[in-house]
Amino acid sequence: MTSSSSSPSLQCRLQCGDTNHDDGTSSSSSSSAVVYDFRPDAHKKSAFWLGQQQHKADDPPSQQLYSMAHPAQAVLFSDSAPWAVGGFQLVSNARSVKVYLTTTTTTSSATTSTTQKMTKEDYLTTVKGLPVVATSSSSSRNDTASIQLFKAMCVIPGGVRPVVQVRLEFEQLGLAPSSNKNNNEETPTTLMKLQWIKLTARMVTQTKPQPPQPQQQQQQQQQQMMQAMQMVQQQQQQQQGGQQQQQQSGGIPTTITNHTHLLEPTDPEGGRLHAYYKLSIDELFRLPPTPTDEEYCSRLNTPGMTPQMIPGSQLAALSASRFAEIALGALVHGEVSLGMELCNAV
């Protein structure tokens, strides 16, 4: 099931056991290894699939389960082109998944004036899986109901990161029901079963720029100087405008006044960022939700308490918590500049 086309693609190698080399690569300790191709998502350029996700409750889940003897691992790599990873989601019978990233570093020698590229594998994190509830319609159509599946999700800290490969180690496999119908006990399973992987990544295209001509170099230098002068003027105008706006807003920083509308429940942009937060960070960690002003007044157990009577320091704490939620949503979706502005508002 390896790729037969000449275009670059992402692949997954499922293998039993683990042997790490000094250069950061890994290989199987036995001959049990199978390579599968990721397929691009039909709607998102940065999404790649292995297997099939159950999109709706009445849709049948993937009929195919990728199996491998435990201890098992999955190595995600590209067959030719360099690539960068932003995160992944997967469903398997592993309760936890260890994540390792292999990156390339360039070292230069001052004595020989040469550069050398080296690959190194680093441990990133361990993600815990959440139990997947099997639907009654799928219990009779495949063998997913006979095992306990867990959904694990990982977002690469700091955004998309160029890598050589991503290695996933599956640990703490779930228990399988006993084959004896009269015995309700569960027995440990020796097979790792993978239902699907959704990988957020992009292929890095490398093009060699042609050397510019002398006239083009002069034009580029002039354009760079003009752009630098325009940036300096814009920064000065922004500083002056920010000072005037801060004076008009009673000393409140512009990072707060410019984004206060995102905290309104009816604001579509704020609702979108909050949805990203709920689907990623809150789905994993189940953080306590930030109460509304009315809910906060009711928790104080003060008769006649209204949102207008909440002290300023407590209102500031509630707003900071709401800004933090939508800031995390912006960072998860890749809107780094907006996320940093919202972090400053916190």
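Which residue in E15 is the bridge partner of Leu-76? Select Leu-76 and look across to E15: the partner is Val-166. Keep in mind that this is a predicted model, in which local features need pLDDT of at least 70, side-chain atom pairs count only at pLDDT 80 or more, and totals for chains, interfaces and linings use all residues. Residues are numbered from 1 along each chain as its sequence is written, and side-chain values use heavy atoms, leaving out hydrogens and water.

**Stop 1**

Select residues 165–173 to see strand E15. Seven of its nine residues are buried, so E15 is largely enclosed by the rest of the structure. Here buried means under 20% relative accessible area, exposed means over 50%, and partly exposed is in between (1.4 Å probe, protein chains only). E15 pairs with E8 in the antiparallel sense, over five bridges; two strands count as paired if DSSP finds at least two bridges between them.

**Stop 2: strand E1**

Now select residues 10–16, strand E1, where seven of the seven residues are buried. Leu-10, Cys-12, Leu-14 and Cys-16 point one way, while Gln-11, Arg-13 and Gln-15 point the other way. E1 runs antiparallel to E8 (residues 72–78), joined by seven bridges, and Arg-13 has Val-75 as its bridge partner there. E1 also runs antiparallel to E4 (residues 33–37), with five bridges.

Zoom in on Gln-11. Its bridge partner in E4 is Asp-37, and the side chains of Gln-11 and Asp-37 make a polar contact at 3.0 Å. A polar contact is a pair of N or O atoms within 3.5 Å; within protein, one must be able to donate a hydrogen and the other to accept it, and residues adjacent in sequence count only if both atoms are side-chain atoms. Gln-11 is buried, with a relative accessible area of 8%.

**Stop 3: the largest nonpolar core**

Select Leu-14, Phe-38, Trp-83, Leu-90, Val-166, Leu-168 and Leu-199, the residues with the most contacts inside the largest nonpolar core, which has 35 residues. Such a core is a set of buried Ala, Val, Leu, Ile, Met, Phe, Trp, Tyr and Cys residues joined through side-chain atoms within 4.5 Å. Strand E18 (residues 191–203) gives the largest share, five residues. Apart from this core lies another, of eight residues, including Phe-323 and Leu-338.

**Stop 4: Ser-92**

Next, select Ser-92 in strand E9 (residues 83–92). Ser-92 is buried, with a relative accessible area of 0%. A polar atom of its side chain lies 3.3 Å from the backbone nitrogen of Ala-94. Beyond neighbours within four places in sequence, Ser-92 is in contact (heavy atoms within 4.5 Å) with residues including Gln-148, Phe-170 and Lys-193.

**Stop 5: helix H3**

Finish at residues 268–279, helix H3. Which residues of H3 are buried? They are Gly-270, Leu-273 and Tyr-277. These three cover an arc of only 65° around the axis, which puts them on the same side of H3; the arc is that of the directions from the helix axis to the C-beta atoms. The face turned away from the buried side carries the exposed residues Pro-268 and Leu-279. At the N-terminal end, Asp-267 caps H3, with a side-chain oxygen 3.2 Å from the backbone nitrogen of Glu-269.

How values were computed
Helices (H or I, at least four residues) and strands (E, at least two) are DSSP runs, numbered from the N terminus. The expected span of a helix is 1.5 Å times one less than its number of residues.
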